Amino acid sequence: MYVVPPPQRSDSGSNGDLRVYQTWKGSNIFFLQGRFVFGPDVRSLALTICLIAVPVTIFCIFVARKLIDDFSDSWGVSIVAVAVVFTIYDLILLLLTSGRDPGIIPRNAHPPEPEALDGNMDAGAGQTPQLRLPRIKEVELNGVTFKVKYCDTCMLYRPPRCSHCSICNNCVERFDHHCPWVGQCIGMRNYRFFFMFVFSTTLLCIYVFAFCWVYIRKITDSEHTTTWKAMLKTPASIVLIIYTFISMWFVGGLTVFHLYLISTNQTTYENFRYRYDRRSNPHNKGVVNNFKETFCSSIPPSKNDFRAMVQREPPLPPRSVAGGFMSPNMGKANDDIEMGRKAVWADMGPTMSDHGDGKHGNNERLHVKDGELGELSPDIRTTVDEQSDRPGMHPRRSSWGRKSGSWDMSPEVMALAARVGEQNQNGGGSSSGSGLVTENRPT
């Protein structure tokens, strides 16, 4: 089996004028020339911003502004100021969570070199066993053995706690989950900001919920009425109370759940996938050290420079693959045909030309050299000998028993192609293109 590299074309254009984010193979969406990287569902980020900003705006206009008159000047203004500053802080955390690299591992341009033989492959006589990448490898980290999987998309072995996000189409370090509300994966580099965003949103809901009840209480005391009548005089407070109460169950429950995950040093993916207990979790370092690792450790730099210029990759050198070889010259014939140039067999001299002495050119190729026959399988060698020694062959017929001006293949060639294809499927023989005889075809 031969592995052929893709043809290098001279007119395909240079990637030197493109940046990494312009040729990125993941599903990410970039803004400001690669300065911000979002997930493919970045539109949900606008919805999340509205769900935060709109209720706070209603609170400042219809509730906090009215409380300024009921409190002293400094206290009344501080109610509005705290709500505005807290909201801005919450939105900044949201942007830090969704607009940065969560820990994407750059995918390889080529698969790694095979390290072991495939034991399931029964090699025939004279055949080299096929090299194959193992699906799972064992690595040792801090005295603990982890099993890492091979990612076919990124063509790499995922580090421990890494997983491939099917939405963003990237391998992410310490993958926690993909959050549709922020439109981004949650991983090693943005988990801290994600938790702070969820926690601050919970506090903001509590803040708005509490001061709405304070405003209703002020109306009750000032007008000496019932709570129900006071609520009817401020419908905005009723709406905000219901909204924040429902939101607190959602973001508050999420905050409590992630506090549990941080205390046990788990990710959401690991919690649902492996169900660690106290003894089997190899990442648990104790509650204090787990919190230090999440909030006090330095965030590693991104492994991707999305604004860097794309570097042109050098051509692959020839290497042995599965008993065959990789040649930089293979595949040139198809490339030349697509580029509109002469085919490879047209450069072999006047003997291969269709003009003038076509008899001489085709008849000379009937006699295949012994060295070429040695590279062919027994079936191909027998067919070539039968075609070459057939009596009464027309001089205009090529070495495969087919007229050079016709595209119809002889029955022998069809049978041979079927036999070779069956051998390739069963892995019982090696295919070689070096001894095949080429011929002129009409243009």
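Reader: How far does H3 reach from its first C-alpha to its last, and what is expected?

Author: H3 has 33 residues and reaches 49 Å. At 1.5 Å a residue, 48 Å is expected, and the two values are close. The expected span is 1.5 Å times one less than the number of residues. A helix here is a DSSP run of H or I with at least four residues, a strand is a run of E with at least two, and both are numbered from the N terminus.

Reader: What kind of model is this, and how are residues numbered?

Author: The model is predicted: local features need pLDDT of at least 70, side-chain atom pairs count only at pLDDT 80 or more, and totals for chains, interfaces and linings use all residues. Numbering starts from 1 along each chain as its sequence is written, and side-chain values use heavy atoms, with hydrogens and water left out.

Reader: How many helices and strands does the protein have?

Author: There are 12 helices and 10 strands.

Reader: Why is histidine 258 called buried?

Author: Buried means under 20% relative accessible area, exposed means over 50%, and partly exposed lies in between (1.4 Å probe, protein chains only). Histidine 258 has 2%, which is under 20%, so it is buried. It sits in helix H5.

Reader: Which residues does histidine 258 touch?

Author: Leaving out residues up to four places away in sequence, histidine 258 touches Asp176, His177, Tyr191, Phe194, Phe195 and Thr268. A contact means heavy atoms within 4.5 Å.

Reader: What makes histidine 177 buried?

Author: Its relative accessible area is 18%, which is under 20%, so the label is buried. Histidine 177 belongs to strand S9, residues 177–179. Among its contacts beyond four places in sequence are His258, Phe194 and Cys185.

Reader: How do you know that cysteine 171 is buried?

Author: The value is 0%, and the cut-off is under 20%, so cysteine 171 is buried. Its strand is S8. Its contacts, setting aside neighbours within four places, include Cys151, Cys154, Cys162 and Leu156. Leucine 156 is 15 residues away along the chain, and the two C-alpha atoms are 9.3 Å apart.

Reader: Why is asparagine 169 called partly exposed?

Author: At 23%, asparagine 169 falls between 20% and 50%, so partly exposed is the label. It is in the loop between strand S7 (163–165) and strand S8 (170–172).

Reader: Is histidine 224 buried or exposed?

Author: Histidine 224 has 73%, which is over 50%, so it is exposed. It lies in the loop between H3 and H4.

Reader: What makes glycine 26 count as buried?

Author: Its relative accessibility is 16%, which is under 20%, so buried applies. Glycine 26 comes in the segment before strand S1 (29–31). Setting aside residues up to four places away, it touches Arg107, Cys168, Asn169 and Asn170.

Reader: What is the largest nonpolar core?

Author: A nonpolar core is a set of buried Ala, Val, Leu, Ile, Met, Phe, Trp, Tyr and Cys residues joined through side-chain atoms within 4.5 Å. The largest one has 39 residues, and Phe59, Val63, Phe197 and Cys212 have the most contacts inside it. At least two residues come from each of H1 (43–70), H2 (73–98), H3 (191–223), H4 (227–232) and H5 (235–264). H3 gives the most, with 14 residues.

Reader: Why are H5 and H7 called roughly perpendicular?

Author: H5 and H7 (residues 287–295) pack at about 110°, with axes 7 Å apart. Axes are lines fitted to C-alpha atoms, for helices over the stretch in contact, and angles run from 0 to 180 degrees between N-to-C directions. Under 35 degrees is roughly parallel, over 145 roughly antiparallel, 65 to 115 roughly perpendicular, and the rest oblique. The angle of about 110° is in the 65 to 115 range, so H5 and H7 are roughly perpendicular.

Reader: Which classes of residue make the contact of H5 with H7?

Author: Five are nonpolar, four are polar and none is charged. Nonpolar covers Ala, Val, Leu, Ile, Met, Phe, Trp, Tyr, Cys and Pro; charged covers Asp, Glu, Lys and Arg; the others, Gly among them, are polar.
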